[in-house]
Amino acid sequence: MWTELIQEVRVAQMGVQILFGFLLTVVFTPTYAKLSDTDQTIYLVTVVLGACATGALIGPVSLHRLVSGRRIKAHAVRWASRLTLLGLLLLLATTSCSLLLILRVATHDGFVPYLVTGVVGWYLLCWFGLPMWARHRHTTR
């Protein structure tokens with residue numbers, strides 16, 4: 001289970017690190033100063049969420065390194081799994097806030113919250129709904 005978990009974390013880490021890297025550069029652009037207070041707040045929340053997601057998704061690697069050889073693999077896998085799930089939830093929040101900010105700046109239209117809600121629903125379906133349905137469908141019988 002440990003090997004599979006680490007492979008899953010690698011995929012999620014790549015996404016969150018690329019997103020977080022781009023987020024870190026925004027504050028240094030001339031456009032940042034022109035953002036409304038609301039958009040700057042959304043940006044700051046997004047950066048903090050991205051930092052937290054990065055920490056949670058790198059956590060399993062650090063956990064493995066620090067407890068390797070201590071004969072607590074079952075516990076380590078459980079904690080790493082929890083950190084990964086937390087990281088995915090934080091990545092969901094980071095991606096959603098990023099999309100909200102980008103669409104607010106790009107369109108200034110009232111449909112933005114509905115569009116973001118639709119995308120969040122899609123993420124929830126892909127990342128949690130389908131896996132939970134498959135888990136229930138194929139393991140409860």
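A pocket, on a 1 Å grid over the protein atoms alone, is an open set of points with protein on both sides within 12 Å along at least five of seven lines, and its lining residues have an atom within 4 Å of a point. The second largest pocket of this protein holds about 220 Å³ of space; a volume is the space filled by probe spheres set on the points, with grid points joined across faces, edges and corners.

This is a predicted model, in which local features need pLDDT of at least 70, side-chain atom pairs count only at pLDDT 80 or more, and totals for chains, interfaces and linings use all residues. Residues are numbered from 1 along each chain as its sequence is written, and side-chain values use heavy atoms, with hydrogens and water left out.

**Overall build**

- The protein has five helices and zero strands; helices (H or I, at least four residues) and strands (E, at least two) are DSSP runs, numbered from the N terminus.
- Read from the N terminus, the order of elements is α-α-α-α-α.
- Along the principal axes, the C-alpha atoms fill a box of roughly 55 × 40 × 20 Å.
- Of the 141 residues, 31% count as buried; buried means under 20% relative accessible area, exposed means over 50%, and partly exposed lies in between (1.4 Å probe, protein chains only).

**The largest pocket**

- The volume of the largest pocket is about 600 Å³.
- Its lining has 18 residues, and L5, E8, S81, L85 and L88 lie nearest the centre.
- Helix 1, helix 4 and helix 5 each supply at least two residues of this lining, and helix 4 gives the most, with seven.
- The lining of the largest pocket divides into 12 nonpolar, two polar and four charged residues.
- In this count Ala, Val, Leu, Ile, Met, Phe, Trp, Tyr, Cys and Pro are nonpolar, Asp, Glu, Lys and Arg are charged, and the others, Gly among them, are polar.

**The second largest pocket**

- The second largest pocket is lined by 13 residues, with L23, V26, Y43, L101 and I102 nearest its centre.
- At least two lining residues come from each of helix 1, helix 2 (30-34) and helix 4.
- This lining has 10 nonpolar residues, three polar and no charged.

**The salt bridge**

- Side chains of opposite charge can pair when their charged atoms come close.
- The structure holds one salt bridge, a term for a side-chain nitrogen of Lys or Arg within 4 Å of a carboxyl oxygen of Asp or Glu.
- The partners are the side chains of D39 and R104, at 2.5 Å from N to O.
- D39 lies in helix 3 and R104 in helix 4, so the pair ties together parts that are 65 residues apart in sequence.
- D39 counts as buried, at 6% relative accessibility, while R104 is partly exposed, with a relative accessible area of 30%.

**Surface patch**

- M14, I18 and F22 make a nonpolar surface patch of about 340 Å².
- Patches are made of residues with over 30% relative accessible area and no salt bridge; like charges are joined within 9 Å, and nonpolar side chains (Val, Leu, Ile, Met, Phe, Trp, Tyr) within 5 Å.
- The areas come from the Shrake-Rupley method with a 1.4 Å probe, and for residues only the protein chains shown count as cover.
- M14 lies in helix 1 (residues 2-26) and is exposed, with a relative accessible area of 52%.

- Most residues other than glycine have a negative phi.
- R71 has a positive phi of about 65° although it is not a glycine.
- R71 lies in the loop between helix 3 (37-67) and helix 4 (73-107), and is exposed at a relative accessible area of 82%.
- H108, also not a glycine, has a positive phi of about 60°.
- H108 sits in the loop between helix 4 and helix 5 (112-139), where it counts as exposed at 65% relative accessibility.

**Distances between residues**

- G59 lies in helix 3 and counts as buried, at 16% relative accessibility.
- G59 and L83 are 24 residues apart in sequence and 6.6 Å apart in space, C-alpha to C-alpha.
- W2 lies in helix 1 and is buried at 9% relative accessibility.
- From W2 to A53 there are 51 residues in sequence and 20 Å in space, C-alpha to C-alpha.

Methods
1 Å grid on protein atoms, 1.4 Å probe; cavity = no way out; pocket = protein on both sides within 12 Å on 5 of 7 lines; lining within 4 Å.
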